[in-house]
Amino acid sequence: MTFFCKLLAPRADFAQTMTDAERLLMQEHAVYWHQGIKQGRVIGFGLVADPRGAFGVGIVEFDDEAGACAFADGDPTIRSGQGFAMEIAPMPMGFVRG
């Protein structure tokens, strides 16, 4: 199954105001999601520069929602306890290039 994941930062201006420690956390986050690509679980991910507040987006494939949630729970941003949240929704119809 395919799932849409939305990473919400602890504040709307996070992308513009992150501290050095938060920048390192985001680097760990990127490494984690790149590993998901190598494992064949992550189709794509990136930053959405929404003027109301940037957020992260990822498209993942797992057998069920529990697998997608477990992957999200392993994200360094979520494990950090610094106020990040991940919303996950199934994509019953999805198409990818290639």
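Me: Two strands pair if DSSP finds at least two bridges between them. How many strands form the open sheet of this structure, and in what order?

Reply: This is a predicted model, in which local features need pLDDT of at least 70 and side-chain atom pairs count only at pLDDT 80 or more, while totals for chains, interfaces and linings use all residues. Residues are numbered from 1 along each chain as its sequence is written, and side-chain values use heavy atoms, with hydrogens and water left out. In general, strands of a sheet pair through backbone hydrogen bonds, either parallel or antiparallel. Here four strands, in the order 2-3-1-4, make up an open sheet with antiparallel pairing. Strand 2 and strand 4 (85-90) are its edges, each pairing on one side only. (Strands, E, at least two residues, and helices, H or I, at least four, are DSSP runs numbered from the N terminus.)

Me: Over how many bridges do strand 1 and strand 3 pair?

Reply: Strand 1 and strand 3 (residues 55-61) are joined by six bridges in the antiparallel sense. Phe4 has Ile59 of strand 3 opposite to it. Helix 2 packs on this sheet, touching strand 1, strand 2, strand 3 and strand 4 (contact: heavy atoms within 4.5 Å), and its direction makes about 155° with that of strand 2. Such angles run from 0 to 180 degrees between N-to-C directions of lines fitted to C-alpha atoms, for helices over the stretch in contact.

Me: Which residues of helix 2 are buried?

Reply: Buried means under 20% relative accessible area, exposed over 50%, and partly exposed in between, with a 1.4 Å probe and protein chains only. In helix 2, Glu22, Leu25, His29, Tyr32, Trp33 and Gly36 are buried. They lie on the same side of helix 2, because they cover an arc of only 90° around the axis, taken from the directions from the helix axis to the C-beta atoms. Asp20, Leu24 and Lys38 are exposed on the face turned away from that buried side.

Me: Which residues touch the most other members of the largest nonpolar core?

Reply: A nonpolar core is a set of buried Ala, Val, Leu, Ile, Met, Phe, Trp, Tyr and Cys residues joined through side-chain atoms within 4.5 Å. The largest one has 16 residues, of which Trp33, Val60, Phe62, Phe71 and Met86 touch the most other members. At least two residues of this core come from each of strand 1 (2-8), helix 2 and helix 3 (65-73). Leaving aside residues up to four places away in sequence, the contacts of Met86 include Cys5, Leu7, Trp33 and Ile78.
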